[in-house]
Amino acid sequence: MPKKKCILDFYEMKKRGEKITFLTAYDFPTAQFAEAAGLDMLLVGDSLGMCVYGYPGTIPVVMDQMIYHAEAVRRGAPHTFVIGDMPFMSYQSSLEKAVENAGRFLKECSCDAIKLEGGVRVVPQIKAIVDAGIVVMGHVGLTPQSSGQLGGHKAQGRTAETAKLVVEDALAVQEAGAQMILLEAIPPEVGKYITDNLDIPVLSIGAGSYCDGQLLIVSDAIGQFKAFTPKFVKQYSNVSEVAINAMKAYVAEVKAGEFPKTEHCYTMIAGEEEKFLKMMKNT
Ligand code: KIV
């Protein structure tokens, strides 16, 4: 089992140009798969609102849900760097609340870091959480929790003017003390500019191949979540098809009386069947 990575390892990886591999995970078995596959880091993302709970977006997700899932992920991937994602309204309303909720991921789930959405406007929250001794990953570009303000889940930074705003957000996040940043749904040219101009590791979800590492939502990557598929997704497997086919085969075998077979049944201890039948006859 390779040694668990820490933030310094990710700085080293950026320096030597080794790509950082990053997936979301929401539960114990998926975390076990991810650790077995050798992922560098895992995000317990508030995307679990859609992928696990079937909500239309991430807004309804609350801190306690994040904590339950982060605990399970930590148990499944004890040797992997795990990041807890701050859900909507867990950090916006006050700095005290932001620090307290960020701390819960470390105290209750042994997470290694937290992630929160926003650039310039969450600088005070990033500073406060960093001052509490917590590793912070920023998240700029498309920020799903404020997608209402962005007019939906749309790519950001596609004009020179808006690209400059994304760069300003990224610089503000680094300046505030965040030790990693995630760029979501921006053109690769903007991803490259930010990666070249920031000292901290820059992760991409839909920000092109030049960034220091790549993130995908695990449910998209393995073909489990089919409600919608963003442009940046590559599906590496078709778990929903595998699962549906397995369930159809089960239904067919039960209906046909083909399951269970003898090998799926327990045997009575020798001589007990006769005794049992006799006993039942006498009752
Ligand atoms: O919650 C999540 O998985 C995320 C990604 C969309 C970046 O924040």
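Contact is taken here to mean heavy atoms within 4.5 Å, and helices (H or I, at least four residues) and strands (E, at least two) are DSSP runs numbered from the N terminus. The structure is a predicted model, in which local features need pLDDT of at least 70 and side-chain atom pairs count only at pLDDT 80 or more, whereas totals for chains, interfaces and linings use all residues. Residues are numbered from 1 along each chain as its sequence is written, and side-chain values use heavy atoms, with hydrogens and water left out.

The protein chain is divided into domain 1 (7-237) and domain 2 (242-281), with bounds that come from an automatic or database domain assignment. The centres of domain 1 and domain 2, taken over C-alpha atoms, are separated by 47 Å.

Helix α8 comprises 16 residues (160-175) and reaches 22 Å from its first C-alpha to its last, close to the expected 22 Å, the expected span being 1.5 Å times one less than the number of residues. Buried residues (under 20% relative accessible area, with exposed over 50% and partly exposed in between; 1.4 Å probe, protein chains only) in α8 are Ala163, Val166, Val167, Ala170, Ala172, Val173 and Gln174. The cover over the buried residues of α8 includes α6 (123-131), β5 (136-141), β6 (180-184) and α9 (188-197). Just after α8, Gly177 adopts a positive phi of about 115°.

Zero disulfides (pairs of cysteine sulfur atoms within 2.5 Å) are found in a search of the whole structure. Cys111 is in no disulfide, and the nearest cysteine sulfur, belonging to Cys109, lies 4.9 Å away. Cys111 counts as buried because its relative accessibility is 6%, whereas Cys265, at 43% relative accessibility, counts as partly exposed.
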